Amino acid sequence: MIPEIIRTVAGAFFGTLGFGLLVRAPKRSWIPASLLGAFTFAVYWGLTQLGLSDAGSIFAASLTGSLLGLFCALKMKMIGTVFLMLSIISFVPGLGLYRTMQYLGAGETAPGADQGIRAMITIAMIALGQGTGSFLFRAFRPGGRKSRKPAAINKN
Amino acid sequence: MTLEEQRACMRPLQLAGLIIMENGGETFRVEETVTRMGRAFGLEEVETFSVPSGLFISYRMSDGNVETSVKRVRRSGNHLVRVDRVNAVSREMERTGMTPAEAAARLEEIRLLPNRRSLLPIGAAVCAAGFALLFGGSWPDLLAAFLLAGLVEGICMLLDKFHMQALVAVLLGSILTVLVPAVLKSFLPVLSTESVIAGALMPLLPGLTMTTAVQDTMRGDIVSGLSHGIEAILTAGLVAGGALIANAVFRVLTGGGLL
């Protein structure tokens, strides 16, 4: 039996890597973004193991992923989208949305509503975590904010 | 800048916005990039408004007239390399300056970057195997999810070649993703259909689209948020519908359900 932590981290790593290929992320981001995805999921998993609620763990993991993702983007001079998107992919509730529709399609309204609400809470926590992370990163950006003045425009 | 040169600035602005939108960039990024490029050209009152299916750009020229462009956007999937390159060009323009013709040429190059579609089945396969592992699958489950997701993505690409709607591909993909493991289970009892199905469905599921919808809405992009939200619900509905169809087919074939 594979120990759960290794299985979890490896699963998140390969899940993120595969998704990176699917969205055709720049090649040099594949490994760092996958490591970030695995780390973010490990944070979520670790916090739930410590007894924190699912929603709280997802918020904390998204916040961590967002801060680290934006830092990676800044250091690697890439768009933040690549890292922000891939840092959360292992806990976006695609399966939850699918199960919601599946229950509702089968006429089972109560479990469908339950799954739907759980999925929406997860999504809200991810959005909130990433939003907070982006705000904090802009506010305390490493190296400070650089003012950007347009360069001398046209060459003619 | 002469009026003619000012008019020529519209082409690179349109190209930048279109490339970002068509390749999976966010609406706020389009607006930010196009506005930044417009200012770098020295244009005044640059305004950009983008929704997932359209792009509107305007700026005031030195004669007081407003140059406006409206473009229909047709998304062609995610290609973040292109989005990243456009962003790099806009930053370079800001730092060093660039003529409209130079910028347009650079952006045309980016638009023509190879699609690398061969990577998609590999990506789907790796993604599915990873998630099957995350959902507690064993080695045979991982292998089954890997092969199945790769096959389904290959079929989706084939359908796309015949100009089938992406949603039809999602429906067919989900039917196959649910039906094939159930049939395989008859020959390989060691297989855990739930892990295989859950893993192989992940590349088709709209979790990220729904998250983008909520993020857009929180940012104040209501139209974009609604549009992404509806897309996500429709996709989730189709995936679930496909699973229900597969279940019905399996029941007819074997007399027992799988869900």
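Q: What makes the span of helix H5 (residues 94-105) of chain A agree with its length?
A: The expected span of a helix is 1.5 Å times one less than its number of residues. For the twelve residues of H5(A) that should give 16 Å, and the end C-alpha atoms are 16 Å apart, so the two agree. Helices here are DSSP runs of H or I with at least four residues, numbered from the N terminus.

Q: What kind of model is this, and how are its residues and chains labelled?
A: This is a predicted model, where local features need pLDDT of at least 70, side-chain atom pairs count only at pLDDT 80 or more, and totals for chains, interfaces and linings use all residues. Residues are numbered from 1 along each chain as its sequence is written, while chains are lettered from A and ligands numbered from 1 in the order in which they are written.

Q: Why is H5(A) called mostly covered?
A: A residue is buried if 20 or more other C-beta atoms, placed from the backbone, lie within 10 Å of its own, exposed if 12 or fewer, and partly exposed in between. Nine of the twelve residues in H5(A) are buried, among them Leu95(A), Tyr98(A) and Arg99(A).

Q: What do the buried residues of H5(A) pack against?
A: They pack against helix H6 (109-139) of chain A, together with helix H9 (193-201), helix H10 (207-219) and helix H11 (222-254) of chain B. Contact means C-beta atoms, placed from the backbone, within 7 Å.

Q: Which residue just after H5(A) takes a positive phi?
A: That's Gly107(A), at about 85 degrees.

Conventions
Helices (H or I, at least four residues) and strands (E, at least two) are DSSP runs, numbered from the N terminus. Two residues are in contact if their C-beta atoms, placed from the backbone, lie within 7 Å.
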